[in-house]
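The following paragraphs lead the reader through a structure, one part at a time. Please keep the sequence and the model in view while reading.

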Amino acid sequence: MKSLLTFPKGGVHPPEFKTQTHGLGIEVMPVPDELELILGQHIGAPCQPTVTKREEIGEGALIGEVKKGLGVPLHSPVAGKIKDIGSSVHPVRVSAPSITLTVNHEAEAVHYAKEAWQHLDAAELLAMVHDGGIIGIGGAGFPTHVKLKPPANAPVDTLILNGAECEPYITADHRAMLEYSAEIIEGAKIILKILGINECHVGIENNKPDAILAMTKAAEQSSTPDASITIRTLQVKYPQGSEKQLIQAVTGRKVPAMALPSAVGVVVQNVCTAKAIYDAVVLRKPLYEKVITVAGKGIGRPANLLVKVGTKLKDIVEYLGGLQPGLSKIVLGGPMMGFAVSSLEVPVTKTTSAVLFLTKDEIDTKAHSQCIRCGWCLDACPMGLEPKEIALHVEAGRSELTEPFGVFDCFECGSCAYVCPAKRPLVQFIRLAKMKAKRPQ
Amino acid sequence: MIGLGKQGLDDNEEALRRVVSKQQELDDQSAAPAAMWKVSTSPHLKSSESVEKIMWTVVACLVPPLVLSVFVFGIQTLLITAVSVISCVLVEWLSQKALGRPVTIKDGSAVLTGMLLAFVIPPGVSPLLPILAAVFAIYIGKHLLGGIGYNFFNPALLGRAFLLASFPVAMTSAWLPPVKNLAIFSYFGGAVDAVSTATPLAVMKEKGMAAFTEAFGSGSDLYGSFFFGWRPGCIGETSGFLLVLGGLYLLYRGYITWHIPVSLLGSIGVLTWIFGGEGYMTGDPLLALLSGGAILGAFYMATDYVTSPSNKTAKIVFGMSIGALTVLIRLKGGYPEGICYAILLMNPLSTVLDGWFKPQRFAPPLGGAK
């Protein structure tokens with residue numbers, strides 16, 4: 001067998017748990033009666049509301065805008081009425097400013113027609129990406145138009161679409177690559193035009209052979225000389241979907257510490273972000289819907305759902321047959337890097353890739369014990385750091401001294417904590433260390 | 001947020017109540033049921049490996065050599081091992097109680113120490129010796145230094161060193177020749193002095209090669225009996241075959257890596273071959289590896305997580321240094337064996353070696369090192 005691409009250092013093989021949903025087609029969830037749109041959907045400044053209370057708005061209407069700083073506008077996913085501009089439960093920040101929307105079920109859904117984009121220039125396309133409210137929907141939520149405008153001193157020659165989906169349970173990207181392969185490829189071509197380059201690789205892990213096939217077919221069909229799109233099959237290994245690891249797996253280039261991928265001439269976009277760019281440019285439809293995976297033993301019926309941004313977890317639970325006995329933890333995102341939430345009032349945001357309802361036997365509940373210095377975390381760390389040393393320093397109250405062990409290179413993939421036989425919360429120790437240690441420069 | 005380790009909320013009513021009240025705070029305007037879900041930072045998924053699993057697996061790997069020792073030296077090896085294990089567990093329990101720390105005797109590390117301690121003492125000693133060694137090794141050598149993970153000497157070898165210093169006569173003369181016709185009760189309760197023998201390396205060191213050949217034979221007979229364990233020695237060190245088998249299983253499970261055993265045994269073999277004979281390049285590396293606890297030390301002692309380095313390169317340096325020190329002690333030192341002190345000498349250096357040989361980072365920052 002031909003050896004598949006992967007990153008050489010570290011990484012782990014958690015059980016995949018993808019069989020629950022990988023065969024289920026994307027299902028459109030009926031719009032609930034009320035949506036809650038968090039104004040800060042991404043890294044950077046939160047939006048300022050551009051609507052007022054009790055205002056009637058249509059589907060796709062602009063409801064929030066970033067006046068200054070890094071950010072993208074926010075659009076209404078449905079026709080309806082602004083019920084309130086207040087605050088909502090937030091998975092990470094506990095509470096966040098938000099707009100509550102009462103859905104008008106009578107209103108007719110907007111029909112989006114395809115429009116030509118080939119005649120538009122890069123600047124116009126980039127503006128459409130911004131106006132479409134597009135952020136990296138793979139997880140980090142970095143505004144896409146910023147990523148697509150790399151610094152002038154770092155010329156980009158390669159675009160990588162991230163279809164690795166290395167987190168266990170999640171199959172949203174997998175389904176999207178199967179069902180929207182042509183749209184994703186078209187989106188990739190738009191990105192290539194914006195960047196003014198013609199080389200694109202799509203990295204997909206080997207556990208999604210049908211997606212690899214569908215994407216290869218779509219890429220072949222629309223191949224043109226000025227857009228060479230190749231599908232690259234990757235070994236299954238976590239955290240392959242991490243930007244630096246994916247770039248190394250596909251191109252062999254190493255992004256230096258504290259640098260952006262453009263430093264090695266690469267831009268990475270999630271496959272679903274490419275689909276969102278297609279929607280924004282070809283259909284002129286802003287980003288207000290999201291494919292998410294709902295899985296775990298704690299939900300009645302696991303599914304891949306197309307939901308409106310702002311749908312609350314309680315509505316998803318109701319639609320999918322309710323919570324099951326034994327539910328122990330609810331996680332937004334994957335089990336390795338996702339956030340546990342304590343309330344079903346939390347709404348889906350543009351960066352939500354999955355909602356996992358995990359029962360007691362699916363999560364770790366063991367208390368942690370003292371470090372036995374086995375060094376497994378050193379072998380697991382894809383960045384070549386020393387998690388055990390960082391954790392020992394934090395425990396000893398010496399967080400300031402952890403910089404030499406590489407705390408700031410850590411992107412919190414959780415591989416170290418996953419393998420730790422003493423079940424130590426290494427990522428949490430590292431987060432604490434990051435707060436106290438002094439950043440170099 | 002810091003008390004993440006206390007995830008076993010079900011056992012902890014107060015923590016549960018705290019979670020519930022926080023839940024209600026967050027759900028103030030909601031109609032959701034006041035269910036109790038766990039909240040912690042990622043990752044939410046952990047591997048099925050655990051400290052207990054590792055320790056008990058190593059203990060299991062030591063059972064075949066123990067069973068063999070019963071047939072080689074008689075039933076009292078079982079008694080000594082049992083006394084050693086029980087006293088180690090008891091001392092661990094007492095130490096943790098006395099020091100106000102959580103009791104962790106279930107993790108199997110004290111059981112493992114007890115096993116290994118029994119494996120490195122002669123089969124003819126009084127069962128009182130392992131009790132004293134357990135107190136020294138577990139209480140002083142482990143818990144007074146901070147408990148598991150913070151001890152800087154291998155507890156089992158520390159126990160042996162303690163006994164060697166305190167009871168030098170018993171520890172260097174209570175050897176037994178293999179029993180005949182499976183008469184495993186023949187030494188039990190009897191006078192050990194009457195049957196005592198000497199270990200192969202002691203014979204070689206004190207009486208020379210001729211006496212050694214006379215006592216243990218030569219050629220394939222010699223290697224065969226040493227490989228399968230039919231020879232005098234410490235309780236658990238005699239069978240190279242069973243020890244290597246267990247070591248290979250630990251390698252297969254990923255609980256140990258090849259770095260320390262290979263570099264350690266390799267350097268013993270090479271250095272013995274060069275310096276161990278009458279002239280240069282005439283030593284017997286195979287004999288050196290099959291005697292003096294080299295295999296037991298390489299697979300089970302030097303690989304102890306706590307007292308060995310974590311980085312791969314550091315492990316190789318660590319293993320080679322132990323091998324070199326072992327050969328030095330065997331050839332030039334006062335003891336016929338040597339791996340015990342070699343490992344103990346290198347143990348405290350393991351964190352130093354980890355500091356010298358750092359893992360390679362993914363990529364340095366732009367503009368050179370920080």
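Chain B has 16 helices and zero strands; helices (H or I, at least four residues) and strands (E, at least two) are DSSP runs, numbered from the N terminus. The model is predicted: local features need pLDDT of at least 70 and side-chain atom pairs count only at pLDDT 80 or more, while totals for chains, interfaces and linings use all residues. Residues are numbered from 1 along each chain as its sequence is written, and chains are lettered from A and ligands numbered from 1 in the order in which they are written.

Of the 370 residues in chain B, 48% are buried. A residue is buried if 20 or more other C-beta atoms lie within 10 Å of its own, exposed if 12 or fewer, and partly exposed in between, with C-beta atoms placed from the backbone. Two residues are in contact if their C-beta atoms, placed in that way, lie within 7 Å. Among contacts in chain B between residues at least 6 apart in sequence, 70% join residues at least 24 apart.

Two packed helices are described by the angle between their axes and the distance between the axes. In chain B, helix α3 (residues 76-98) and helix α5 (residues 128-143) pack at an angle of about 35°, and their axes are 8 Å apart. Axes are lines fitted to C-alpha atoms, for helices over the stretch in contact, and angles run from 0 to 180 degrees between N-to-C directions. Residues that make the contact include B:V83, B:C88 and B:V91 of α3(B) and B:I131, B:V135 and B:I138 of α5(B). By class, the contact of α3(B) with α5(B) has 10 nonpolar, five polar and one charged residues. Ala, Val, Leu, Ile, Met, Phe, Trp, Tyr, Cys and Pro count as nonpolar, Asp, Glu, Lys and Arg as charged, and the others, Gly among them, as polar.

Chain A contains an open sheet of four strands in the order β11-β10-β9-β12, with parallel pairing. The edges are formed by β11 (228-234) and β12 (266-270) of chain A; each has a single partner strand, so one side of each is left without a neighbour in the sheet. On average, neighbouring strands of this sheet are turned by 25° against each other, direction ignored. Strands pair if DSSP finds at least two bridges between them; β9 (residues 158-163) and β10 (residues 199-205) of chain A pair in the parallel sense over five bridges. A:N162 has A:G203 in β10(A) as its bridge partner. Helix α5 (residues 209-221) of chain A lies across β9, β10 and β11 of chain A and runs at about 165° to β11(A).

An automatic or database domain assignment, the source of the domain bounds, gives domain 1 (122-282) and domain 2 (376-436) in chain A.

Where do chains A and B meet? The contact takes 60 residues from chain A and 43 residues from chain B. On the side of chain A that touches chain B, β15 (327-332), α11 (415-419) and α12 (426-436) of chain A are the elements that give two or more residues. β15(A) gives the most, with five residues. The side of chain A that touches chain B divides into 34 nonpolar, 13 polar and 13 charged residues.

A:I330 is found in strand β15 of chain A. Why does A:I330 count as buried? A:I330 counts as buried because it has 28 C-beta neighbours inside 10 Å. Leaving aside neighbours within four places in sequence, A:I330 is in contact with A:A340, A:V341, A:F357 and B:W37.
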